[in-house]
Amino acid sequence: MKKADLAIIRRLTVIRLLNAGLLKLSFWYTRIFGVVTHLGKPISLSIEPTTACNLGCPECPSGLKQFTRATGKMDLIFHKEILRQVKHHVFYINYYFQGEPFLHPQFLELVREAKKNNIYTSTSTNAHFITKDKAKEIVTSGLDRLIISIDGLTQATYEQYRVNGQLDKVIEGSKFLVSAKKELNINTPHLIFQFLAVKPNEHEIPAVFTLAKELNIDEVRIKTAQLYDYKMGNPLMPEQEQYSRYELDKNGQYKLKGDQGNHCWRMWSGAVFTWNGLVVPCCFDKDAKHVIGDLNRQGFEEIWKSNKYRNFRKAVFSKRKEIDICQNCSEGTKVFSE
């Protein structure tokens with residue numbers, strides 16, 4: 001078992017463990033008997049620090065400024081209230097949904113507050129704002145896991161997807177983090193190079209493992225790209241089929257690999273909060289089109305047990321392929337990971 005996994009397990013209290021058991025039991029009861037039954041409360045959350053982003057990635061509505069919802073940043077007092085409501089059952093928070101977290105000027109305050117409640121914390125960054133001093137702040141904040149997007153190993157390759165980005169800043173920020181961990185003698189955050197596999201960069205995949213080893217990055221993950229326009233092919237679709245989320249069907253069009261099926265563990269185990277307190281079912285609802293509740297008006301437990309949430313879960317278990325945000329979702333499909 002990896003050290004990072006052990007760190008998550010250490011956040012389990014008796015109450016959190018019993019709650020997780022109820023979730024798993026009710027999920028499998030639903031799958032086996034076909035009667036939608038939900039017990040327990042979420043064990044994980046994705047909380048959006050901000051929708052703002054400095055890049056313009058071609059498959060990202062945040063970078064392309066295509067959101068219909070407002071841009072902003074999470075209020076610290078509001079965040080404390082959220083934690084008060086969920087701290088007894090949630091033991092993992094990913095401080096990321098859309099946007100670049102470090103554009104929130106008090107982002108690490110969110111992390112510190114979660115750590116006070118013994119919650120494992122993670123985030124994802126394009127690493128453009130990690131200076132030497134910021135790296136030390138990150139390390140001392142208690143952040144457990146930091147995913148660094150590095151989608152190319154030359155500037156020419158990198159900028160084809162990370163539009164307006166600078167690879168040298170990603171490398172520099174990564175070095176600062178490794179150095180800060182060593183200097184402060186702190187083994188967190190667990191650093192992950194995440195490489196989004198697309199056609200312009202797939203030839204560089206072997207080299208990212210070499211670079212990570214040279215820099216003392218803890219882990220490398222190759223991620224398949226979600227493409228919005230894929231049925232007739234896409235210039236970003238990798239040529240190596242193992243790195244693609246899609247495959248050709250018998251009609252000569254591309255489709256999502258595998259059969260998703262009418263089920264989704266995410267509907268049982270977690271939820272997503274936007275920066276301004278909207279509750280959406282999962283991270284594929286990027287523009288918050290399926291708002292289930294508003295934390296400014298309702299308590300989270302009321303939202304979690306509401307008829308609206310219950311009906312959405314039922315829809316996923318009966319007609320998942322008809323739900324727009326589920327049609328391009330990798331949950332339950334055969335996608336490559338390394």
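The questions and answers below walk through one predicted model.

Residues are numbered from 1 along each chain as its sequence is written. In this predicted model local features need pLDDT of at least 70, side-chain atom pairs count only at pLDDT 80 or more, and totals for chains, interfaces and linings use all residues, while side-chain values use heavy atoms, with hydrogens and water left out.

User: What pLDDT does the protein chain average?
Analyst: pLDDT is the predictor's confidence in each residue, from 0 to 100. Here 97% of the residues score at least 70. Over residues 334–338 the pLDDT is below 50. The chain average is 92.

User: How many residues of strand β5 are buried?
Analyst: Strands are DSSP runs (E, at least two residues), and helices are runs of H or I, at least four residues, both numbered from the N terminus. Buried means under 20% relative accessible area, exposed over 50%, and partly exposed in between (1.4 Å probe, protein chains only). His190, Ile192, Gln194 and Leu196 point one way from β5, Leu191, Phe193, Phe195 and Ala197 the other way, and all are buried. The count for β5 (residues 190–197) is 8 of 8.

User: Which residue in β5 is the bridge partner of Ser149?
Analyst: Two strands pair if DSSP finds at least two bridges between them. Strand β4 (residues 145–149) runs parallel to β5, and 5 bridges join them. The partner of Ser149 is Gln194.

User: Which residue in β6 is the bridge partner of Phe193?
Analyst: β5 also pairs with strand β6 (residues 219–224), in the parallel sense, over 6 bridges. The partner of Phe193 is Val220.

User: Which residue forms a salt bridge with Arg11 at 3.1 Å?
Analyst: A salt bridge is a side-chain nitrogen of Lys or Arg within 4 Å of a carboxyl oxygen of Asp or Glu. The partner at 3.1 Å is Asp144.

Conventions
Contact = heavy atoms within 4.5 Å.
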